[in-house]
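Please open the model in your viewer and keep the selection panel at hand.

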Amino acid sequence: MSGLRYVYAVCRPFEAALQAQLAGVAGSPPTAVHHQGLVAVVSTVPAEEFDEAGLRVRMEDPAWLTATARAHEQVIDALTTVTTPLPLRFATVLPDDSAVRVLLETHAAEIRAVLDRLAGRVEWSVRVYLQGEQREQGERRERPEGHGRPEGHGRPEGHGRAAEAAGRFAARLHEELRAGAEDSRLRPPRTLRVTEEEENAWGRNFLDAAYLVPRRQSGEFVETVDRARETPPEGVRVHLTGPWAPYSFASLDGGGGR
């Protein structure tokens, strides 16, 4: 085989076959490199595009990044249906199969420990937003018609009440969800904004968290989120995605926490 090896994930040997038409990064189908009871799932990619110089250029290309990330995730998602993968960092590229085996051997003890910890588990992502339209309505209710915001004052009272309610709701939901999960990760709140229309649809983020859940308990986890969706404060939106491979919990050092 020629070219470089793009490494998606490491896992234990699995019997089920991946999708026959599954295409990986650069359109190359994923294959397996076995070593000492571990499996690295790889694709062969062109050196001129994925060597250090090539990656440095292409990482500045949004279209390339989007397409490559999508292909990377498709392989991880396919692996998640047949085993518990340990996803590696995006654009992990090694010279050849020998280098892949060296990676497996060098980190074998760490890899096995993480795979044991993640076996049979998936990641769910939950985000809580206060929609932009609700924030604007709160501002209009507090501001008399024809008057601007008083100079030197902060956000209107209506905006503050909506935000406080959203914050309390998000905190309660996180406590309930992490009680039913084996582990969780809080990410810095963010606003998903590309256009004004999207800001109105998504708004301010009050919770962005990942939860590690045994696959067999995923139904209960989803039911908890669904119940929270039934009675949120006005303007609050709960966004659930998954199940994913446990990206947020796959650190080889096992670090992090709730």
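A residue is called buried if its relative accessible area is under 20%, exposed if over 50%, and partly exposed in between, with a 1.4 Å probe and protein chains only. This is a predicted model, in which local features need pLDDT of at least 70 and side-chain atom pairs count only at pLDDT 80 or more, while totals for chains, interfaces and linings use all residues. Residues are numbered from 1 along each chain as its sequence is written, and side-chain values use heavy atoms, with hydrogens and water left out.

**The whole chain**

Display the chain as a cartoon. It holds 9 helices and 9 strands; these are DSSP runs, H or I of at least four residues for helices and E of at least two for strands, numbered from the N terminus. Of the 258 residues, 42% are buried. The accessible surface, computed by the Shrake-Rupley method with a 1.4 Å probe, comes to about 13800 Å², and carbon and sulfur atoms account for 49% of it.

**Tyr-211 and Phe-221**

Select Tyr-211 first. Is Tyr-211 buried or exposed? Its relative accessibility is 0%, so Tyr-211 counts as buried. Phe-221 likewise counts as buried, because its relative accessibility is 4%.

**Aromatic pairs**

Next, show every Phe, Tyr and Trp side chain. Rings (for Trp, the six-membered one) pair if their centres lie within 6.5 Å; planes under 30 degrees apart count as stacked, over 60 as edge-to-face and the rest as tilted. The whole structure contains 5 aromatic pairs. In one of them, the ring centres of Tyr-6 and Phe-50 are 6.1 Å apart and the planes stand at 85°, so this pair is edge-to-face. Because Tyr-6 belongs to strand β1 (residues 4-11) and Phe-50 to helix α1 (residues 47-50), the pair ties together parts that are 44 residues apart in sequence. Both Tyr-6 and Phe-50 are buried. Return now to Tyr-211 and Phe-221: their ring centres are 5.4 Å apart and their planes at 50°, so this pair is tilted. Tyr-211 is in strand β8 and Phe-221 in helix α9 (residues 218-230), 10 residues apart.

**Strand β6 and its partners**

Select residues 121-130, strand β6, where 9 of the 10 residues are buried. Strands pair if DSSP finds at least two bridges between them. How many bridges join β6 to β8 (residues 204-214)? There are 10, and the two strands run antiparallel; Val-122 has Val-213 as its bridge partner in β8. A further antiparallel partner is β9 (residues 236-244), joined to β6 by 7 bridges, and there Arg-237 stands opposite Tyr-129.

**Helix α5**

Move to residues 108-118, helix α5, whose buried residues are Ala-108, Ile-111, Val-114, Leu-115 and Leu-118. Viewed down the axis, they fall within an arc of 135° (taken from the directions from the helix axis to the C-beta atoms), so they line one face of the helix. They pack, by contacts of heavy atoms within 4.5 Å, against elements including β1, β6 and β8. Just after α5, select Gly-120, which takes a positive phi of about 75°.

**Thr-84**

End at Thr-84, in the loop between α3 (62-80) and β4 (86-87). Thr-84 is buried, with a relative accessible area of 16%. Its side chain reaches the backbone nitrogen of Gly-120 at 3.1 Å. Leaving aside residues up to four places away in sequence, Thr-84 touches Cys-11, Leu-115, Leu-118, Ala-119, Gly-120 and Arg-121.

Methods:
Polar contact = N/O pair within 3.5 Å; in protein donor to acceptor, adjacent residues only side chain to side chain.
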